[in-house]
Amino acid sequence: MFRRKQSQNHQENGIEEQEAKVSELRAALGPLSARSLKYCTDACLRRYLIARNWNVDKAKKMLEETLKWRATYKPEEICWVSIESLAIVQHEVAHEGETGKVSRADFHDRSGRTVLILRPGKQNTTCAEDNIRHLVYLIENSILNLADGQEQMSWLIDFTGWGLSVKVPIKTARDCINILQNHYPERLAVALLYNPPRIFEAFWKVVKYFLDPLTFQKVKFVYPKKEDSVELMKSFFDVDNLPNEFGGKATLNYDHEEFSRLMSQDDVKTAKFWGLDEKPSHIANGHSGAQVAPEPAPLALPSC
């Protein structure tokens, strides 16, 4: 009984220490713009602290880099198709999704997390910037569709049709990895690489060095003929919901028209959440009367 109480007190003290770190990080950030303040929820600050082992200074530096990136790249302004009522520059990505190379699944994993399906063998374009923007859009969309209390998503990667002719350039892979682990820390629960071909090994030997240790631990190779791989998939997914491309019993049919309809609906939700149709306003982060500079204009990206 005494030991149980000791353990409970230790746990409570740990939670209090973590909440104190969150408060310390928020104070260290100082005044924030309206969008940055909306982004920097307590849960968000906690993710950055976890990513930096609860070191406030390191978490602050990481988060500030993300806020700079979001202010220029403006991921919340990427859309499937442009919304005419919004008086902002919008980057459309619908053309990138025609083959379903990246899509949000209509099922969840056993923990109720949003699932993102990546099928690199269905690559249909060559513009690196558009490919990255498309992935960022679907990461943001997956976060938008997380259930209450959920912080993370799961990735399923199907290598059917993948080969040297459709291989992602090393630089593009590195840029995608940097965006994921630097600007979406603790958003990835697991990435399951299903049945990668042998020629992927050479690509992986290079790419894996771009991953930080936390992200690297979340990458799992799955081979359908190996019993431990089959059990791994079952631990994350109900096989009745899992598409047969990943060893399940369901059928994966990507309907671009239907998916576009869903994304267009979500684009309206995104615009409403971020207040994209409202006049810009600037909010101080708990600092009375503090003023902040307007957010930068959208980053000019190379055309392809």
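Tutor: Before we look at this predicted model, keep one cut-off in mind: a residue is called buried when its relative accessible area is under 20%, and exposed when that area is over 50%.

Student: What makes strand E5 largely enclosed by the rest of the structure?

Tutor: Strand E5 covers residues 153-158, and six of its six residues are buried, so the strand is largely enclosed by the rest of the structure. In a regular strand the side chains alternate between the two faces of the sheet. In E5 both faces are covered, with Met-153, Trp-155 and Ile-157 buried on one side, and Ser-154, Leu-156 and Asp-158 buried on the other.

Student: Which strands pair with E5, and in what sense?

Tutor: Strand E4, residues 114-118, pairs with E5 in the parallel sense over five bridges, and Leu-116 stands opposite Trp-155 there. Strand E6, residues 188-194, also runs parallel to E5 and is joined to it by six bridges, with Leu-192 as the bridge partner of Leu-156. Pairing requires at least two bridges between the strands, so the five bridges of E4 and E5 meet that requirement, and so do the six bridges of E5 and E6.

Student: How do you know that the length of helix H5 agrees with its number of residues?

Tutor: At 1.5 Å a residue, the 17 residues of H5 should span 24 Å, and because its end C-alpha atoms are 24 Å apart, the two values agree. This helix, residues 128-144, forms a right-handed β-α-β unit with E4 and E5, and 13 of its 17 residues are buried, which leaves H5 mostly covered.

Student: What lines the largest pocket?

Tutor: The largest pocket, with a volume of about 840 Å³, is lined by 38 residues, and Leu-118, Pro-120, Val-168, Ala-173 and Cys-176 lie nearest its centre. Its lining divides into 27 nonpolar, eight polar and three charged residues, and H5, E5, H6, E6 and H7 each supply at least two of the lining residues.

Notes:
Residues are numbered from 1 along each chain as its sequence is written. This is a predicted model: local features need pLDDT of at least 70, side-chain atom pairs count only at pLDDT 80 or more; totals for chains, interfaces and linings use all residues. Side-chain values use heavy atoms; hydrogens and water are left out. Buried means under 20% relative accessible area, exposed over 50%, partly exposed in between (1.4 Å probe, protein chains only). Helices (H or I, at least four residues) and strands (E, at least two) are DSSP runs, numbered from the N terminus. A crossover is right-handed if, with the strands pointing away from the viewer, the path from the first strand over the helix to the second runs clockwise. The expected span of a helix is 1.5 Å times one less than its number of residues. On a 1 Å grid over the protein atoms alone, a cavity is a set of points where a 1.4 Å probe fits but cannot get out, and a pocket is an open set with protein on both sides within 12 Å along at least five of seven lines; lining residues have an atom within 4 Å of a point. Grid points are joined across faces, edges and corners, and a volume is the space filled by probe spheres set on the points. Ala, Val, Leu, Ile, Met, Phe, Trp, Tyr, Cys and Pro count as nonpolar, Asp, Glu, Lys and Arg as charged, and the others, Gly among them, as polar.
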